[in-house]
Amino acid sequence: LDLPLDQAIQRRNTYKGPLKAAYARQIALIGKDCQTEMAQGQQPYNICMGQADEEADRDYATFYNNLQWLCHDEEQLKTLQSSQTTWKAYRESALNAAHAAWSSGTGAPGFAGEVYLTLLRDNMRELYKIYGLNITQ
């Protein structure tokens, strides 16, 4: 806030690139994860889904960390962080439900991975929509 306008804009732009790239990668993968491995059997699919979850985690961290830097003021940052805490609790609850629904069997890890990716990417879309003005300015 205390930087001259041109420097503030330049600094904000350094956070937008990685945020947008991480977002685009994950959104482009919706419905396309591990299709080849699915045809090869459950074990290759489960392994692939585990790798997809790890990649999504990295992209989500890049997205979220850069989004924090794009908040316009401390109140907006605190609100974002509070919403993140609430979302993490929801995510854990939803994953517990997924594990309860598929408590055993060879398909359980793949199913849990799909649910995880859906939750993560949906949250990215929601945050992109909510903070779209921050991202484009």
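Helices here are DSSP runs of H or I with at least four residues, and they are numbered from the N terminus. The model is a predicted one, in which local features need pLDDT of at least 70 and side-chain atom pairs count only at pLDDT 80 or more, while totals for chains, interfaces and linings use all residues. Residues are numbered from 1 along each chain as its sequence is written, and side-chain values use heavy atoms, with hydrogens and water left out.

Q81 is a residue of helix 4, which spans residues 74-101. Apart from neighbours within four places in sequence, Q81 is in contact (heavy atoms within 4.5 Å) with Y64 and Q68. Q68 stands 13 residues from Q81 along the chain, and the two C-alpha atoms are 8.1 Å apart.

These residues belong to the meeting of helix 3 and helix 4, where Y60, Y64, L67 and Q68 of helix 3 touch L77, L80, Q81, Q84 and W87 of helix 4. By class, this contact has six nonpolar, three polar and no charged residues; Ala, Val, Leu, Ile, Met, Phe, Trp, Tyr, Cys and Pro count as nonpolar, Asp, Glu, Lys and Arg as charged, and the others, Gly among them, as polar.

Two packed helices are described by the angle between their axes and the distance between the axes. The axes are lines fitted to C-alpha atoms over the stretch in contact, and angles run from 0 to 180 degrees between N-to-C directions. For helix 3 and helix 4, the axes come within 10 Å and cross at roughly 150 degrees. Helix 3 is therefore roughly antiparallel to helix 4 (an angle over 145 degrees).

Helix 3 (residues 42-69) also packs against helix 5 (residues 108-130), at an angle of about 20 degrees and with the axes 9 Å apart. This pair is therefore roughly parallel (an angle under 35 degrees). The contact involves, among others, Y45, M49 and A52 of helix 3 and L117 of helix 5. Its residues divide into 15 nonpolar, four polar and four charged.

D33 lies in the loop between helix 1 (5-28) and helix 2 (35-40). D33 is classed as buried because its relative accessibility is 14%. Residues up to four places away in sequence aside, D33 touches Y45, M49, A52, L117 and R121. The side chains of D33 and R121 are joined by a polar contact of 2.5 Å, that is, a pair of N or O atoms within 3.5 Å, of which, within protein, one must be able to donate a hydrogen and the other to accept it, residues adjacent in sequence counting only if both atoms are side-chain atoms.

Definitions and conventions:
Helix = DSSP H or I, 4+ residues; strand = E, 2+ residues; numbered from the N terminus. Buried < 20%, exposed > 50% of the residue type's maximum accessible area, 1.4 Å probe, protein only. Parallel < 35°, antiparallel > 145°, perpendicular 65-115°, else oblique.
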